[in-house]
Amino acid sequence: MGQSAVDAGDVGGGRSGAVGPGGAAAGYRPSATLPFAAEFRRQASRRRTQLALGFMVLLPLIILLAFEFGSGNDDRNRNNEFGSLVDLATSGGLNFTLFSIFVSSSFLLVVVVALFCGDTVASEASWGSLRYLLAVPVPRARLLTVKLLVALAYSALALVLLAGTALLAGTLRYGWSPLRSQVSAELAPTEGLLRLLAVLGYLAVVLLVVAGLAFLLSVTTDAALGAVGGAVLLWILSSILDQITALGGLRTFLPTHYASAWLGLLSTPVQTDDVVRGAISAVSYATLFWGLAFWRFTRKDVTS
């Protein structure tokens, strides 16, 4: 009996007294498990991360090549709305960046954010590695927090890569010119750059809704594709409902209602009313979805 007690006390530390408060091993610190940097590097090694970030860099170059090959097309109708947008896009690096953001914000960025946030937990469950992470042991709340922060970091990186590549490629090709749009007067390059940064900031806040919804679905299902696709489909559904004017004031409660309010940041003078409402709406929805995700995950049985 005495020898067994000694052996039990020697587990993990080689000496008696190696068990800390609550039965944990001496020296165990929950806050030291699953460091952010380790998870960041782990996600960086995944093929989906590399492809998603690579496409963010490639897209502006594809658009630039499309403009180059299409510049000699005399049949292009420059009187339509898209033709005027193309004319604006090729008038300077800032305008090219604005065009790249415009064509990406309604769908592509939604898919990328849903991919990073919806795949992060569900993929671990589908691989059967989630229970082993929790057995390290990593506290469930910490595991979710680190995974969410890493997913948000990569989402922000994708947005920066898209805008940064577009600005660099557009400036090299079309020059450093004032920012022009259909809703404002010509803006000096410095002011135009600040307006673009404000647009990126607002888009990042709006996309928090997608991040929250995808993350909630990720802890609910073991199918990563279902979490990513579900978030994208629900975002599209909200966008469709927002076009139904018969819903009246109910549309203001849809998460996509203020998705295009960033256009007010380009107007002269700047229109910030819808921007503020959109930011409040996005943060509220994201907080709700993240809260539900933590509540669900900390109470579910993890068997995969």
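**Exercise 1. Work out how the side chains of R195 and E191 meet, and how far apart the two residues sit in their helix.**

Step 1: R195 and E191 form a salt bridge, 3.1 Å from N to O. The term covers a side-chain nitrogen of Lys or Arg within 4 Å of a carboxyl oxygen of Asp or Glu.

Step 2: Both belong to helix α9, and because they are four residues apart there, about one helical turn separates them. Helices here are DSSP runs of H or I with at least four residues, strands are runs of E with at least two, and numbering starts at the N terminus.

Step 3: Check the cover. R195 is buried at 11% relative accessible area, while E191 is partly exposed at 36%. The cut-offs are under 20% for buried, over 50% for exposed and in between for partly exposed, with a 1.4 Å probe and protein chains only.

A word on the model: it is predicted, so local features need pLDDT of at least 70 and side-chain atom pairs count only at pLDDT 80 or more, while totals for chains, interfaces and linings use all residues. Residues are numbered from 1 along each chain as its sequence is written, and side-chain values use heavy atoms, with hydrogens and water left out.

**Exercise 2. Describe what surrounds R173.**

Step 1: R173 lies in helix α8 and is partly exposed, at 42% relative accessibility.

Step 2: Leave out residues up to four places away in sequence, and R173 touches L64 and E68. A contact means heavy atoms within 4.5 Å.

Step 3: R173 and E68 are 105 residues apart along the chain, with 10.0 Å between their C-alpha atoms.

**Exercise 3. Characterise the lining of the largest pocket.**

Step 1: The largest pocket holds about 340 Å³ of space. Of its 18 lining residues, the closest to the centre are S105, S106, A259, S260 and W262. A pocket is an open set of points on a 1 Å grid over the protein atoms alone, where a 1.4 Å probe fits, with protein on both sides within 12 Å along at least five of seven lines; lining residues have an atom within 4 Å of a point.

Step 2: Helices α5 (93-105), α9 (189-206) and α11 (224-242) each supply at least two lining residues.

Step 3: By class, the lining has ten nonpolar, seven polar and one charged residues.

How values were computed. Points joined across faces, edges and corners; volume = space filled by probe spheres on them. Nonpolar A, V, L, I, M, F, W, Y, C, P; charged D, E, K, R; others polar.
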